[in-house]
Amino acid sequence: MSSAIKPRSTKKLSQIIVEQLIEKIQSGEFKVGEKIPTELELIETFEVSRSVIREAITELRSLGFVETRHGIGTFVKEQTIEQNFLLSNASLETINDIVSLLELRMSLESEAVFLASERRKQIHIDKMKAALEDFEGHISSDANDGTVKADYDFHIAIAEASENQYFVDFLKYLGEKIIPRARLKSIEQSPENREEYLKAVHHDHVNIYNAIVDQDGLLARQMMRAHLSKSIKKFKQ
């Protein structure tokens, strides 16, 4: 039976193929140690180009589902528990994807910031302050990369201040994709709008920072929820 992809899907073709191949692996149709179909066979099955198939295989390999043996083919790897939860770059392509990730962050980071307010040490405060200063220094820059990294560093510093390593590990697993503008550029319609938006983000960060410094956990939680809620609202517009 053909697995040709229907054109109405809003997902990238390679992402759809990745999801279908993962399903075949997890169902046991493609068993551990077995060779998966060749590029040509997958091209015929999914009716897509070679570049799409190669992109899908690269993603599968990066997720740890398969390994490629030079000159032989691509084989299914034994799965580990860490692979039960997957969040690849390919899975964050739409506004709905970004909003869902922000909702996940809200539930996690609201508690992380509450704990950070109780447990923070001077080293954590210093890291947050450095990230704030770095962010502010990039607001008027033409390049957006600086604020993305500084934004990410600020949230990682909060997770570290919670002194719960699982918060840190999870945010690091997600990486800079937790910052919405690192994935979608729709909010940056002009340099003026971009700068205004980044100033608002910085203002939120300062409020969160001050609440943590004052060890006001309830206020810090409220500020974090408000901060992420604004992002959700912006992307839903």
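Let's start where two helices touch: Leu101, Leu104, Leu108, Glu109, Glu111, Ala112 and Leu115 of α4 are in contact with Phe167, Phe170, Leu171 and Leu174 of α7, contact meaning heavy atoms within 4.5 Å. By class, this contact holds nine nonpolar, no polar and two charged residues. Here Ala, Val, Leu, Ile, Met, Phe, Trp, Tyr, Cys and Pro count as nonpolar, Asp, Glu, Lys and Arg as charged, and the others, Gly among them, as polar.

This is a predicted model, where local features need pLDDT of at least 70 and side-chain atom pairs count only at pLDDT 80 or more, while totals for chains, interfaces and linings use all residues. Residues are numbered from 1 along each chain as its sequence is written, and side-chain values use heavy atoms, with hydrogens and water left out.

**The overall picture**

The protein has nine helices and two strands, arranged along the sequence as α-α-α-β-β-α-α-α-α-α-α. Helices (H or I, at least four residues) and strands (E, at least two) are DSSP runs, numbered from the N terminus. Of the 237 residues, 45% count as buried, that is, under 20% relative accessible area with a 1.4 Å probe, protein chains only.

**How the helices cross**

Two packed helices are described by the angle between their axes and the distance between the axes. Axes are lines fitted to C-alpha atoms, for helices over the stretch in contact, and angles run from 0 to 180 degrees between N-to-C directions.

| Helix pair | Axes come within | Crossing angle |
|---|---|---|
| α4 (residues 95-119) and α7 (residues 165-174) | 11 Å | roughly 150° |
| α2 (residues 39-46) and α3 (residues 50-62) | 9 Å | roughly 110° |
| α1 (residues 13-27) and α3 | 8 Å | roughly 50° |

The axes of α2 and α3 cross at roughly 110°, which makes α2 roughly perpendicular to α3. Angles under 35 degrees count as roughly parallel, over 145 as roughly antiparallel, 65 to 115 as roughly perpendicular and the rest as oblique. α2 passes α3 in a right-handed crossing; a crossing is right-handed if the near helix is turned clockwise from the far one by less than a right angle, and left-handed if anticlockwise.

Key: Buried means under 20% relative accessible area, exposed over 50%, partly exposed in between (1.4 Å probe, protein chains only).
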